[in-house]
Structures are given as structure tokens and as C-alpha cells.
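Visitor: I would like to learn how to read contacts between parts of a model. Please take me through some.

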Amino acid sequence: MSMVETTPGAWEPKIVAFCCHWCTYTGADLAGLNRMNYPANVRVLRIPCSGRMNPQYALDALNKGCDGVLVCGCHPGDCHYSTGNYFARRRMLVFKRLLEYQGLEPERFQVRWISGAEAGKFRDTVTEVVEQVRALGPLHLNHELVLSGMEVE
Amino acid sequence: MSRIGVFICYCGSNIAGTVDVEKVAEVARTLPNVVHAETNKYTCSDPGQAGVKAAIEKYNIDRVVMGTCSPRMHELTWRKLLADTPVNPYMLEVANLREQCSWVHKDKEVGTAKAIDLIKMAVAKVDKLSPLKSTQIPVTKRALVVGGGIAGMQAALDIADAGYQVTVVERETSLGGKMVMLDKTFPTMDCSACICTPKMSEVGSHPNITVKSYAEVESVEGYVGNFDVTIREKAKYIDYNLCTGCGACTTKCPTKVINNFEQGMSARPAIYKMFAQAVPAKPVIDAEHCRKIQENKCGACAKICPTGAIHYDDEDKVTTERYGAIVLTTGYQLIDWKPLYPEYGGGKYPDVITGLQFERLVNASGPTEGHILRPSDGKEPKNVVIIKCVGSRDPHKGVAYCSRACCMYGAKHAHQFLDKVPDGRCFVFYMDVRTPGKGYDEFYMNTLQDGAQYLRGRVSKIYKEGDRLVCLGEDTLTSAQIRIEADMVVLETAMVPAEGVDKLGSMLGVTRDKDLWLTEAHAKLRPVETNTAGVFLAGVAQGPKDIPDTVCQAGAAASKVIGLLNHDHLESNPQISRVNEALCQGDGACVNICPYHAITLVQKQFRENSQKITRTVASVNPGLCQGCGACTVTCRAGAMDLLGYTNESLMREVDALCQW
Amino acid sequence: MSDIQEAMRSRAKELLESGEVNAVIGWEAGRFENQTTPLITSQAAKTQRLVFNEYCVNNLGKYPRDLTAKGKVAIFARGCESRAIIRLLSDEVIKRENVYIIGIGCPGMRDRTTGELLKKCAECRHGDPVIYDEMLGEPQAKPATQERFAEIQKIEALPRAEREAYFTNAFSKCIRCYACRNVCPCCTCRQCFVDQRREGWLGKQNNIAENRFYGLTRVMHVGDRCIECGECERVCPMDLPLMSLNRKVIYDINNLFGEYETALSLDEPPSALTTYKVDDVEEFM
């Protein structure tokens, strides 16, 4: 019973947001407390720290049907664990470039630092990413397998 | 097969307003391994919680999804609830149906669809969790204070007064730190020795306090409640059990050594007490300069000692003891201005002195017995120039930060000089005058009344003309070029971290900021804690501050220590990293990345391919690990996993989310 | 080269006979013309089979990992082997006292069918060994004939859709034989993530999405430690442009975090991705 089923035919972007517990998840909660509105196309997945963000989770999400991935953490210098987001920053800088290099649209993998107070920034970021991905259309990664020009299957 | 129970809350109309709660429960019942799903008006209420408990029992549930408000609100409530049931409190996943669903969407269809997805994600994740147990960490009810300045003494006294044993490690031969070198303290002008030395003797004689002077921390192992600290007490060459502190030995020593306590302005013997009221009130031998120890000549001190307390063959004493908590009060030193400021003579003019030298000159127990006399010729200076911010707020030459106390002691020095030399003139070069603090601005105003002339600008050059020091500068308020013929120049130099604090910090996993000050756990909310549980900060070690602020912090750190030592046991957080030793190849990538120094490499024996082999694997210290999970990502093999947020559970959560 | 070959044989023989080492790793002639294959032997007599010519295309540097049970082994090492050994040493896979490194200068190796310089050798910046216990013959100091990041810059300049097509085509050919992983001196995990069924990092289907997952994850796992020996690309039976992925990460690390080339000495700093600077590039605000 998902949204795609309730509105048959209409494609809606699916976005997963990996949010650190201490900052962005708190910011997302604050957006709720302030009754802010943002598109329902985003699902927040809670991780303890952006340093816990394994690029493999993002690849899995993109592979299995998400149209975009958002990774969020505390602002550099504010990490609850003091250094987690510094490592995340390096890793994500490299990973994002690699994804784009091999052809992914930059909008489909984004990283943002959003603090526990930045409810508005959370709402705006989510809205922006959803709209950007909506403009790009669905992500089709699982092309039919083509082996040296030959159709397989 | 797991048996999952799903509990969905109406939260009055908070969730039910935009989520069809009954429909969510209906879908939840169809999910794999879900044996029961129910709704409740207010799950967090007593009847709500009782309902959850009853259902757990009735359906033999072994893990739980709570579709409620944010886990930031009630995760702990649910854990406590589960602690009363057969379900492990960590076999829990909270689906955030309120803050991140019902409250941010208006359309009930949209809200319901999203709530269903959130439940699916939580069910997928909880299905892969395993029970976790907190372990009880015993607490050793003793505290270690590193540094015997005013911060360390205050912290030690507060902790000791609460009934706990405290050891104070002091690198110098006496307690007192920088404060005991000062003459008077702003803004009340009480004599520093009069308020500092009583603290010293109180520390020295307190039944709960052990002072290890002339000693340094050599290494630290362990974690909160259980730090094994190795302390090296340097050889003093004097048996303190025999020594009466009569001081006869110090009068007989023929050697003269530069006296650092007097800021190099006098000499002391090789066997010496740092100053008259030193605590411990007994001398040590400075081995480097002792003729007996270096050349086996002399021995005058041993001959005169009435108790035979002097032993030239004394050795360093290294002891390891366990402490529950550590307070770092390592303080500061003054920046070495000489190489940085060649335009101020770079140290070649003896009458260009630092603020601390001025403190000794004006101090009745100092080298001039309180008469302000120039170091070069012993004459009383009539014109004195004080330059503030030497090294401070000067990122090109010194440090970028403000040293905070200099505006006030600069004003104090001007006041003291004008007081002692009534016909003198005093010029103060400043960038800004910062006097926040009770009675501070009034003190500054009084100094202006005394006749100190404040000039806004830096001195650009000091050179010698005859026996005077010509200071060139600009008064930036009038744009006038200033030339002052001074008899003495006082540089109010920047505070920088004490030497060796970098090493101490890395030993304890306490980070240093770009200027090497020790970093607090949170700039606003945890100002005296560090990122290493059980290690606290006080005083200038954390950043420049004056005496009242230092004492406040010392008290705050002490109260944190007392709070910690008050527990017999600490509950460990079980959501920490775990090593799969079969996968770990021991390359140590995780060791470097851990902010808590919680991971070490150990040699372990394994039986592999029917052979006994020894190989290196990582090992996580459960007392240090805080569960950030940074190590898990750096481990390519996935040998490091974070309990409660395992790779498997997160991957299934992602998979569930993709199915929407 | 025949001088070197003679020296190799006699030195290997000596080392085995004296008991200084328990095995020697080198090359021997293969079944076909201009083909060689790795030779690993514990027998002094067999050292006469050692060859060294322009067709010694295999990087031997990963073999010491498989021989840890043997105790001390000797290995003939050119630039690529020596850097592979540094990689294994700093990843704690082997111990320095268990490997005796005999350096040989490398003029670059050739394709046995076309006779052309191999791509990996044209790109090679360190033909001569960077560490060794002894050196046979003279260093060759062969310069790289290919700009280090030329290929990356060329691909980066393509429009996005063309890049997507290029790599989709590449990943579509992958048969997931894992030869690239098996030959890679950076791939030293006791169990590879692809084999971790419980986590289920990737499925068993051979489709583009899974192949891409494998390819990109491998780059994230080895890119920051890649010694640029180019073996993955050489052994790929489907001719995937694997080095253009690995070098992309190296290129970015160079641009983002400062000049960097790994495995050139034993006391190298930790990998750029296991450290950080407070003032690193910021583009996520």
C-alpha cells in the first residue's frame, strides 16, 4: 500500500534521507513540531552519525528503486562524536564525484549539513531535492544486460 | 523466526489526524514475522504501556516496533517499558509517525501511505536486531587532578571535601601554578600569596589529598571509572620522611642557577625550594646543576643536613594507580615573544620585560623586595610603557585569540607602577580595552584616574638611545606618530598552552583545538567535560581565562567528578562497535579513525584450517566506545559493525524503503 | 635482460640453498611464445627455470600474501611488485622480516601478441623498485609515456549522458569473475563484501545495477590505497576500463586533499580517507 499504488500511473520520486541522530534528525523533528510542510516523497533513515554512512547503503538504495539519496549530518565542528562528519565529508566528496563521473545526475546524490535548529533548512532541502529529482524523472539503473552488443536473456 | 509486535499510537489526534492508524495496523499485520499489531490512543500513558506489556506476554513477542512520536522523545520510555518484559530493551525500533509524518503532511492518504512505509522500514530493521546487554562498569572512587595551579587545587579540594581520595600531580616542585607568582589580583587587589598559599597548605594537609610534586603523567590506560595512570615522580634526592624543611642545605650550596620562579631575574642554588611558602615545604636537588651528582664533587648539603635526608643516588619513582575520573588543569605558559618580535629587541634589551616579570618585580617577596627597579641597572624607572596584545590577536606573529586577562592585569600593572612611583608616567598601548566582569571596568577607570595614558595602537619599534628605550608607535585615534622615551617596557604577552599538553591530550583521547587548547565536549552545554568520558577540564587548559572564571570551572569540574564517583557502577551503552574477528585482518584502519581511542590492535590465537595461529585483530574497549560507527565504514571487510545499527539491519531497512 | 636473468637464477639458487628463504617468487616461460607465468618454488634446482624478459606481465606482488605459512620468501620486484609489497606490509598482511625483496629495474612490458608496450606500463610512473633488500642490475628509470590523469580528464570532459552510456556499457560487460579483485594487492580482506550473504550487500544476479554496485564499491574500497599497477585492467577478460575508475578517486583525492601517491615508502601517512582536516573543501553547506 504505497503511494505509487494509491495514485496509479503517476510517478512520484522516491528519496531516502540518511540523517544523523544528533543534528539533522532533530532538525527534522523540529520541522514537525513547527508543523512545517514538505513533500511526502522522502523517507528518513536514522543513523547515529554521518560518519556511519556507508556509501554501499546509497548504492543499494539507488539500485533498488530510490530515485535520489540525501545524506545529512551535523555541521563540521558540531559533530556529537567530534570528528565523524569530518571523515564523512571526505568520503562523500570522493563518492559523489565518482557517482557523477560514471554518469549519475548530481541532483540524485546530495549531502547537506543541517543542524538540530535548522528545521527550515531541512524542509527546504527536502523540497528542493524532491523537485530536482522530479524534474529528472525516474532513475533506471537496471538496464537490460548487453553483452558486446548481444542481447542476453 | 522472530515474533514482531507492532504498536501504533493515535497520540490523541496528533497522529490519527493525518494518518489512518487502523489501516496502518492492518497492513502491519500482513508484514513478515509480525505476529501482532494493535493501536492505542495514548501509548505512553500508564494504561497504554500496560497494554503493550500485556500484548507482549499474550503473543510471546520477542521484538517491538513502536509507531509513535520521535525516538528522540520516547525511545528511552520504551526501553524502560521493555526492561519490565521478557523483550530485550534493544529489540526495539521506533517509527516516527508524528514529528516526521503526521505533523508535516496534511493529506490523510499521503500521511497514511508514508506511515505504512515507515512501519515497513522499522519492521525490516527490528527483524535483524539482536538482544544487547549493558555491562556494569565498576567505578574506582578516586580522582586524579593533573596540575597543581589554582584550578587544580580548587578542584582537588572540592572533590576531597566530598569525601573522595584525590591525587594531585604537579610538574613543578611546588603547588601554586602561575597564580602564586602574581603580586596582587585584580580587581580587588588582594595579595595573591595571601589567598593562594592558604589553598596550597590546605591541599598539602588535606587527609584525602595526596600531592605528587615534581611529577608527570607518563601514560594512561583504561576508561571511565577505571583509568590506570602511570605517574613518574622525578628523583628529588631528598627523603621527605626525614627532611624537616629547615633549609640549612640551601644556604650551603655553592651553585648558582637561573631562578625560573623569579622569571630569570635572580639566582637560586642547585638544592632549592621554589619559593618560601612552597608546598611541599621541602627542597629538591636540581640534578642537572648539582656538582655532586654531575661531577661527584662538593656534597656540602649532605654534610650539613641534620637528619641525613639527602641521598644522591635517589631515582625516579614510577607508580601506576587506578582512578575513576581525571581533571586536567594544565594551565598555560606565556608565549615566547623573543623570536616573534625582533622589533621589540627580540630579548636583547633587559629592560623590555614580560608581565610576569613585572609581577615578580612588584612583589614584596620578589628579587627586588617589591621595589620596581630596572633589571639592567637597578634604577627606578620613571617612564614605563605597557604594550598589550603582544602575541595575542596577532595571527601573523602569534595567536589569533584574545588572552582575556591581559587588559585587566595591564591596567593593574599601570596602577601598581603609578602607586609605587608617584612621579612616574605610564603609557599603555592597546588595541581595545576589554573589561567585562564584576568591578572590572571600574578598576580600569580608576587606573585612568591614576594618570595612566592609554594610547590606541601598537608599538612598531623599540630601540635603545643612551640608557633609555625609545618606543615608536601611532595613536590611531588622533593619527599622531608617538615617540616615547621609556625606562622600562612591559609586554603583556599571550597565554599559550602548557608544554606537553598535546601529548597528554592524545594519551587521553582529549582533542586539542588549532591552538592546542584542550577541547571541551560541547562549547556551551558541556564546557568542563571532554569527549572522553570521565575526563574533565578546568582553567586555562581549556582556553585563556582569569582567576575567578578558572575557580568557577574547577568547581564545576569537581561537581561532575563527584557526580560520577557517587555511582558504584556505570551502565555501559551497549550500542557500540563489535569486531568480527573472523573477518578482521588487523590493518588498523579503524584505530586511526576512532575519536575515542577505543580501538586497539591485539594479538590473538585462533584455530584456522586445523592449525593454531596467532594474528592481529582489532579490539573495542566498551568503556571508551561511544557508538558513532565511524570505524564500521572504514572497515572494507565489514569486520567492524555497530550494534543496534548493524550493516545487516540498515541494509534491510534500505531494502524495505525501496519497495514503497 | 639476459644478464639479469642469469643473476636472478644464481641469486635465487643461493638464497634457497643457504636456507635464507624458503621460497622464491619469479617468472618462468609459459606454454606459448612470448608468454610467461609466475613461478613459485622452494627447490633450488627449479630456479634455473626463472626468466626475465619483456613479457613478464604479471605483478607478483600479491603472492607473498598466499605464502605467509612458508616463512621467509624472496621475491623479484620491479616498481609495481615493490609497491604491492608496501601495500601488503602497511595493511599488516605480511611481515617485513618474512619477505626478501630483490629489486630489478623495469623497461616496461609488452603485449605478447602485438608486441606493443602494455597500457599499464605506458602509464607507470615507478618502473624501478621503491624498496628492496638488494638490487640486481641497474635501474631503468623509464619515464611514463602517458599523462597520469589524461584518461580521467578525457572522460570527465564528456557530456553526462555519454559518460553514463560509457560506463553502463562497461558494467554491462562485467561477468563478475572477480579477477580484478583477486589480482589486486589492495584487496586483502579475509572475506570480500560480495561474499557476505548475511549483509546481502549485493545480489547474485548478473545485471548492470549489481555489476555497478560491485564496481563502484570496489573503487571506494581500494581507490585511496591503489598503487596504480593496472593489473585489474590487464586481467579483466571483458576489457573493462577499471583503472579509469580507480584513478578517478586518486585524481579527486589529489585535487581535494593535496598531492598524493600511495605505497612509495614504508612510513607513508594514513590514507586520505581515514584522516581529515578541519578546513577541508566544503561544498555541503
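This is a predicted model: local features need pLDDT of at least 70, side-chain atom pairs count only at pLDDT 80 or more; totals for chains, interfaces and linings use all residues.

Visitor: How many residues of chain B and chain A take part in their contact?

Guide: Contact means heavy atoms within 4.5 Å. Chain B brings 49 residues and chain A brings 50.

Visitor: What area do chain B and chain A bury between them?

Guide: Buried area is the accessible area (1.4 Å probe) that two parts lose on being put together, summed over both. Here that is about 4400 Å², with 58% of it on carbon and sulfur atoms.

Visitor: How many salt bridges are there between chain B and chain A?

Guide: A salt bridge is a side-chain nitrogen of Lys or Arg within 4 Å of a carboxyl oxygen of Asp or Glu. The count between chain B and chain A is four. Lys64(A) pairs with Asp655(B) in a salt bridge, with the closest N and O atoms 3.0 Å apart.

Visitor: Which helix gives the most to the side of chain B that touches chain A?

Guide: Helices (H or I, at least four residues) and strands (E, at least two) are DSSP runs, numbered from the N terminus. Elements giving two or more residues to this side of chain B include helix H5 (108–126) and helix H18 (647–658). H5(B) gives the most, with nine residues.

Visitor: What does the chain A and chain C interface look like in numbers?

Guide: 41 residues of chain A contact 49 residues of chain C. About 4200 Å² is buried between them, and carbon and sulfur atoms give 62% of that. Four salt bridges cross this interface. In one salt bridge, Arg89(A) meets Glu282(C) at 2.7 Å, N to O. H4(A) supplies the largest share of the chain A side, 15 residues.

Visitor: What classes of residue make up the side of chain A that touches chain C?

Guide: Ala, Val, Leu, Ile, Met, Phe, Trp, Tyr, Cys and Pro count as nonpolar, Asp, Glu, Lys and Arg as charged, and the others, Gly among them, as polar. That side has 20 nonpolar, ten polar and eleven charged residues.

Visitor: Which domains does chain C have?

Guide: Domain bounds come from an automatic or database domain assignment. For chain C it gives domain 1 (2–136) and domain 2 (150–266). Their centres, over C-alpha atoms, are 25 Å apart. The two domains bury about 2000 Å² between them, 50% of it from carbon and sulfur atoms. In domain 1, Lys62(C), Arg83(C) and Arg87(C) lose the most area to domain 2, together 33% of what that side buries.

Visitor: What about charge between these domains?

Guide: Six salt bridges link domain 1 and domain 2 of chain C. Arg225(C) and Asp91(C) form a salt bridge, their closest N and O atoms 2.4 Å apart.

Visitor: Is Glu28(C) buried or exposed?

Guide: Buried means under 20% relative accessible area, exposed over 50%, partly exposed in between (1.4 Å probe, protein chains only). Glu28(C) is buried, at 16%. Glu28(C) sits in strand E1 (residues 23–29) of chain C.

How values were computed: Residues are numbered from 1 along each chain as its sequence is written. Chains are lettered from A and ligands numbered from 1 in the order in which they are written. Side-chain values use heavy atoms; hydrogens and water are left out.
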